Amino acid sequence: MIRKTMLSLGRHMSSMARGTTQVRRLLHGGYVRIHPSVQEALVEGRPVVALESTIITHGMAYPLNLSMAREVEEIVRTNGAVPATVGILRGQIHVGLTDEELEFLASSKNAVKVSRRDFPFVLSQGLSGGTTVSGTMIAAHKAGIPVFVSGGIGGVHRDGENTLDVSADLTELGRTPVAVVAAGAKSILDIGRTLEYLETQGVCVAAFGESREFPAFFSRQSGFQAPYHVRDEEEAAKLIDSALGLGLGSGVLIAVPCPQERAAQGQAIEEAIQQALSQARSKGITGKEVTPFLLQKLVELTDGKSLDSNLALIQNNARVGSCIAVALSKLQKARRERNLPRPGDMTAPQPVVIGGINVDFIAKAQNPDILGGGQTNAGRVRRTFGGVGRNLADCLSRLGQTPLLLSAVGKDEHLESVLHYCHHMDVSSILQLEGKSTATYCAVITSAGELSVGLGDMDIHHQITEHYVSQFKESLCQAPLVCMDGNVPLSTIQYVCQLAREHQLAVYYEPTDENKASKPFLSDSWKALTYISPNLQELRAINRTLGNPLPAELPSRLEDVVQAAVALACPLLAHLHCVVVTLGAHGVLLCGKSLGGSISLYPGAHEQTAAARLCAAHYPAIPIGREEIVNVSGAGDSLMAGILAGMLAKHDTDTCVRMGLLAASLSLRSYEPISPEISTSSVSQEQVQSRSWPEVKVWNMD
């Protein structure tokens, strides 16, 4: 019967939805390949250094470019880090290249120079190319690599105030949190304006060594001072760690002067630069073609001395950058070890919840009809505190689990109230960010308790980065359960899923809303999840993303709702252990493996049992009168927290689900998203056993 239903639903899938799915998967899945050695180092917390590839494809001729690339990678290895040269090969971003791939790029005649703007075209056309500073920063950040070594950065071109010729490297430094180790900016640029532009972009710039003099690529002096300087790799690592830890979202530039022994050649090269620059102008060479032309012309004008200096400069940057990466890795490892409990203090591992904290303004209308047209409706407005992650952690804490909450709030007028309200929870590790606003959400609720409209300012959720979360890797790996909500950035979700795959972790994903539900499903990350709890709309969105058959319309009659939910959940169970479909007033539908009539909530319980079958079990909600419903915003989170608390206490499936239904019924009657009445007394195995419950209906999904 279920198979027939799925075939019927499939006929209604629109070609437009199919096309949208393909585009989303194109953009978010399969375009970044991380070399196994790089991936292994990142997972283990070892230092990795990203390296650009335009110097290979556009900076030097073959085969000198290939030998240079090999030498730079070897320098990184010698200094204790793992090299990750970034390049584009046949429409795929590679983070870390094999020797054969390096040779392919080095010998390519048609390689494209790839910056931020070029990615969509180059990838969609299946082209190959070298990544600029901007392009490499993007790839490094997506891979979770905080340190990147380059020769030099682009900048504001001379006469840039009229031409507006400003390198994308500068704007990338302002919006991508990666530390760039480079020999400053090329002297052909307007270095004063370049430094001013970096200041405007909020980029922390520090000269490396004893002087604040900002280097100009071949020259140790530019005539301009860097805002700061760091004396050695330890100081540089501390600066980078502070920048990343604050979650500012901008990069850091560590400006390394060229080796002292090459400084004498600086003046001769500077004169050659002016001559080459004049020739470029006379030939009408502009834009991204200028730098390759100048570098080639400099080799001719200086009889190869500029090339020797260029090689020495890049090698020096690689030494300094890899030492900084090693120092940064040691710093982060030491902090993680400090955060671990001492052997004598060891208790049972905590669950971990990663997600949003919101200040909620709940406006409930007094009359059944909400008037539009700018009219004021009578009602009651309350401030409370929500966010899916916070709600889950709140309810689990009230049920005796005390999870570690990883989230972000602003150091603003809401901070003190948030911390006071969450005093019963473990909020010791949440980010408190200067200059950021705590997430706020305004919900307009009808007199019947249904959500009419919601507005949210949620930008701070982008600060729940993989860098921040990775600092709690040990806690994650020891956790009996990891929970994530859909507010978490995609890269963080992918990091947690990768960790789950590596360490066989149980991970629950709360889809949050229809737009965020599909985040893990934009790539193969979702296959590492254990549980999800979508409503029917979110379940449809997930299947749309995966390209699965969809119903033309979502039904309202219970029997039809169950049938549609089963059809949509079925393809997900090839990888997920359990799909919990929340049905609002209809209760909850549990889909998963069953043996002896009960669906398993525990991974591994039925995995090797041939007799286990896919089943769906419907648990009706506890009846509540419309007049009793005060707020629906936290009911779903209470339901899942109750189920999860039962699981963590090792209760049977029926008890777990009914604990969730008890918690949801209490929160529906509360102005708070999570009812203060929820406790280990009001929601417990004993309370479940003391009540009479309606029959659970079970369907075979096979």
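Helices, of at least four residues, and strands, of at least two, are DSSP runs numbered from the N terminus. The model described here is predicted.

## A cis bond between two helices

Pro 63 sits in the loop that links helix H4 (54-59) to helix H5 (64-78). The peptide bond between Tyr 62 and Pro 63 is cis, with omega at about 10°. Most peptide bonds are trans.

## Helix H12

Helix H12 covers residues 233-246. Its 14 residues should span 20 Å at 1.5 Å a residue, and the end C-alpha atoms are 20 Å apart, so the two values agree. At the start of H12, a side-chain oxygen of Asp 232 comes to within 3.2 Å of the backbone nitrogen of Glu 234. Just after the helix, Gly 247 has a positive phi of about 65°.

Several residues of H12 are buried, among them Ala 236, Leu 239, Ile 240 and Leu 244. Asp 241 is also in this helix. Its relative accessibility is 12%, so Asp 241 counts as buried; the cut-off is under 20%. Leaving aside residues up to four places away in sequence, Asp 241 touches Leu 328, Leu 331, Gln 332 and Arg 335.

## Positive phi in two loops

Most residues other than glycine have a negative phi. Gln 504 has a positive phi, near 55°. Gln 504 lies in the loop between helix H20 (490-503) and strand S21. At 66% relative accessibility, Gln 504 counts as exposed.

Thr 512 has a positive phi too, near 75°. Its place is the loop between S21 and S22. Thr 512 has 22% relative accessibility and therefore counts as partly exposed.

## Glu 514 and its contacts

Glu 514 is found in the loop between strand S21 (507-510) and strand S22 (531-532). At 35% relative accessibility, Glu 514 counts as partly exposed. Not counting residues up to four places away in sequence, Glu 514 touches Gln 537, Glu 538, Arg 540, Ala 541 and Arg 544. Ser 250 is 264 residues from Glu 514 along the chain, and their C-alpha atoms are separated by 30 Å.

## Where H21 meets H22

Helix H21 (residues 536-546) and helix H22 (residues 558-569) have axes that come within 10 Å and cross at roughly 35°. The crossing is left-handed. Leu 536, Leu 539, Arg 540 and Asn 543 are the H21 residues in this contact. They meet Val 561, Ala 564, Ala 565, Leu 568 and Ala 569 in H22. By class, the contact has seven nonpolar residues, one polar and one charged.

Key: Residues are numbered from 1 along each chain as its sequence is written. This is a predicted model: local features need pLDDT of at least 70, side-chain atom pairs count only at pLDDT 80 or more; totals for chains, interfaces and linings use all residues. Side-chain values use heavy atoms; hydrogens and water are left out. Axes are lines fitted to C-alpha atoms, for helices over the stretch in contact, and angles run from 0 to 180 degrees between N-to-C directions. A crossing is left-handed if the near helix is turned anticlockwise from the far one by less than a right angle, and right-handed if clockwise. Contact means heavy atoms within 4.5 Å. Ala, Val, Leu, Ile, Met, Phe, Trp, Tyr, Cys and Pro count as nonpolar, Asp, Glu, Lys and Arg as charged, and the others, Gly among them, as polar. Buried means under 20% relative accessible area, exposed over 50%, partly exposed in between (1.4 Å probe, protein chains only). The expected span of a helix is 1.5 Å times one less than its number of residues. A polar contact is a pair of N or O atoms within 3.5 Å; within protein, one must be able to donate a hydrogen and the other to accept it, and residues adjacent in sequence count only if both atoms are side-chain atoms.
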